[in-house]
Amino acid sequence: MKSLTRYITVNYPRRRGFINITPEVVQCVSESGIQEGLCLVNAMHITASVFINDDESGLHQDFEHWLEKLAPEKPYSQYHHNGYEDNADAHLKRTIMGREVVVAITGGRLDFGPWEQIFYGEFDGKRPKRYLIKVIGD
Amino acid sequence: MKSLTRYITVNYPRRRGFINITPEVVQCVSESGIQEGLCLVNAMHITASVFINDDESGLHQDFEHWLEKLAPEKPYSQYHHNGYEDNADAHLKRTIMGREVVVAITGGRLDFGPWEQIFYGEFDGKRPKRYLIKVIGD
Amino acid sequence: MKSLTRYITVNYPRRRGFINITPEVVQCVSESGIQEGLCLVNAMHITASVFINDDESGLHQDFEHWLEKLAPEKPYSQYHHNGYEDNADAHLKRTIMGREVVVAITGGRLDFGPWEQIFYGEFDGKRPKRYLIKVIGD
């Protein structure tokens, strides 16, 4: 069994936003030389997500508004977690969007449907944070 | 390491609904001959889900009502994504229900608890869509 | 390819709560002798979750209040599932929090970010329930 591990640092300039990280994952799968296997991509921080959806800016605005409705940032005082912190909402938003994705590798490539793209979702940015790519297989 | 890859097409006759796909996954695990490993099952479309829960019709009605409350289909104009599309709610509903499941394979079988069943969740149907089954292990 | 499978029983004394199960998972990874691979941890019951977040009691209170807002336990009669059962809300809460996590194993250890901890989330307790740990790799 072969494997490849990669850590990638993101420093998102705003509190919240989405970054298409598909090219980074594609490159890791290619470098690994793995033909058949699985690829795990996960946020290493608990106020960020990795998820798969469409790369469409209107949809990303919808995600932002929807997550603010389900888990509003303010008032900060509504959350027990927000004593020294102000990011309780980021923990909840990341829970909705998910920590990780697992993607099949078939014939040496990410085995994707027509519109699947991998995103890093930042909910408490303005500082360096990492995500992890792990490829295993033969 | 062995592997098996299978694509299955669903053409659900309504916009939304749930299909128990456990038999298809069980058959793939059996065909693979894999005794110990992991089985990934994922929707290949970004307006559909694969998830594990109970095969109970009352619960499925509850999921439908609950998802409509959290991410209503209408009015279509509430979503930025809905310019040429009308399926923004389907992207949000799929986010709640999840894209994929990973199940352990032990002794050649899906290693399930007493009530676990795998479902394909359709949120924008009436057209052919695929899900993927990938089994890896020894 | 090596593998290790472990079933752990939890009997949570209240209806809902969170248990940090990271030590159990760390021990399984160590026992497996696997240096590079993947570790799956999943609830085997459909009214419980396994998820990764921060071990901070204020945040756990926030999760409890937030899940009660998104999928309230009562009135029981609001759910179709609650004929002979009273746990429809637990199925919904588990859906938000997730069934499983997949964690990379690198250099013989769980490849975690600084604050990642694995939790078992119980939403219908007061009885024995199991979660599963599966480690595969080399």
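Is A:Glu36 buried, exposed or partly exposed? In this predicted model, A:Glu36 has a relative accessible area of 22% and is partly exposed. The side chain of A:Glu36 meets that of B:Lys134 in a salt bridge, with N and O 2.6 Å apart. This pair crosses between chains: B:Lys134 belongs to strand S8 (residues 128–137) of chain B, while A:Glu36 sits in the loop between helix H1 (22–32) and strand S3 (37–43) of chain A. B:Lys134 has a relative accessibility of 0% and counts as buried.

A salt bridge is also found between C:Lys134 and B:Glu36, where the closest N and O atoms are 2.6 Å apart. Across the interface of chain C and chain B, two salt bridges are found by the rule. The same interface holds 15 residue pairs in polar contact, counting pairs with both residues at pLDDT 80 or more. On the side of chain C that touches chain B, at least two residues each come from strand S1 (2–11), strand S3 (37–43), helix H3 (88–97), strand S5 (100–106) and strand S8 (128–137) of chain C. The most is given by H3(C), with six residues. Sorted by class, this side of chain C consists of 16 nonpolar, nine polar and four charged residues.

The extent of this interface can be stated in residues and in area. Chain C contributes 29 residues to the contact and chain B contributes 35 residues. The size of an interface is often given as the accessible area lost when the parts come together. Between them, chain C and chain B bury about 2500 Å², of which 60% is on carbon and sulfur atoms. Of the area that chain C buries against chain B, 22% is supplied by C:Met1, C:Ile46 and C:His80, more than by any other three residues.

Over all chains, a search of the whole structure gives 45 salt bridges. In chain A, the side chains of A:Glu122 and A:Lys129 form one of them, at 2.7 Å from N to O. A:Glu122 is buried, its relative accessible area being 0%, and A:Lys129 counts as buried at 0% relative accessibility. In chain B, a salt bridge joins the side chains of B:Arg16 and B:Glu73, at 3.1 Å from N to O. B:Arg16 is in the loop between strand S1 (2–11) and strand S2 (17–20) of chain B and B:Glu73 is in the loop between H2 and H3 of chain B, so the pair ties together parts 57 residues apart in sequence. B:Arg16, at 17% relative accessibility, counts as buried, and B:Glu73 is buried with a relative accessible area of 11%. In chain A, salt bridges with shared partners join A:Arg15, A:Arg16, A:Glu64, A:Glu68, A:Glu73, A:Asp86, A:Asp89 and A:Lys93 into one network.

Aromatic pairs were searched for in the whole structure, and 21 were found over all chains. A pair of aromatic rings is described by the distance of the centres and the angle of the planes. For B:Phe63 and B:Trp66, the ring centres are 6.4 Å apart and the planes lie at 55°, so this pair is tilted. The two residues are three apart in helix H2 (residues 57–70) of chain B, which separates B:Phe63 and B:Trp66 by about one helical turn. B:Phe63 counts as buried at 0% relative accessibility, and B:Trp66 is buried with a relative accessible area of 3%. The pair of C:Phe51 and C:Phe119 is stacked, because the ring centres are 5.6 Å apart and the planes are at 20°. This pair links distant parts of the chain, with C:Phe51 in strand S4 (residues 48–53) and C:Phe119 in strand S7 (residues 117–122) of chain C, 68 residues apart. C:Phe51 counts as buried at 4% relative accessibility, as does C:Phe119 at 1%. In chain A, one aromatic cluster is formed by A:Phe18, A:Phe51, A:Phe63, A:Trp66, A:Phe119 and A:Phe123.

Backbone geometry was also examined. Most residues other than glycine have a negative phi, and most peptide bonds are trans. The peptide bond from B:Lys74 to B:Pro75 is cis, with omega near 0°, and B:Pro75 is placed in the loop between H2 and helix H3 (88–97) of chain B. C:Lys74 and C:Pro75 are likewise joined by a cis peptide bond, with omega about 0°. A:Lys126 has a positive phi, near 70°, and counts as exposed at 59% relative accessibility.

Conventions. Residues numbered from 1 in each chain as written. Chains lettered and ligands numbered in written order. Heavy atoms only, no water. Contact = heavy atoms within 4.5 Å. Buried area = accessible area lost by both parts, 1.4 Å probe. Salt bridge = Lys/Arg side-chain N within 4 Å of Asp/Glu carboxyl O. Polar contact = N/O pair within 3.5 Å; in protein donor to acceptor, adjacent residues only side chain to side chain. Helix = DSSP H or I, 4+ residues; strand = E, 2+ residues; numbered from the N terminus. Nonpolar A, V, L, I, M, F, W, Y, C, P; charged D, E, K, R; others polar. Phe/Tyr/Trp six-rings, centres within 6.5 Å; stacked < 30°, edge-to-face > 60°. Buried < 20%, exposed > 50% of the residue type's maximum accessible area, 1.4 Å probe, protein only.
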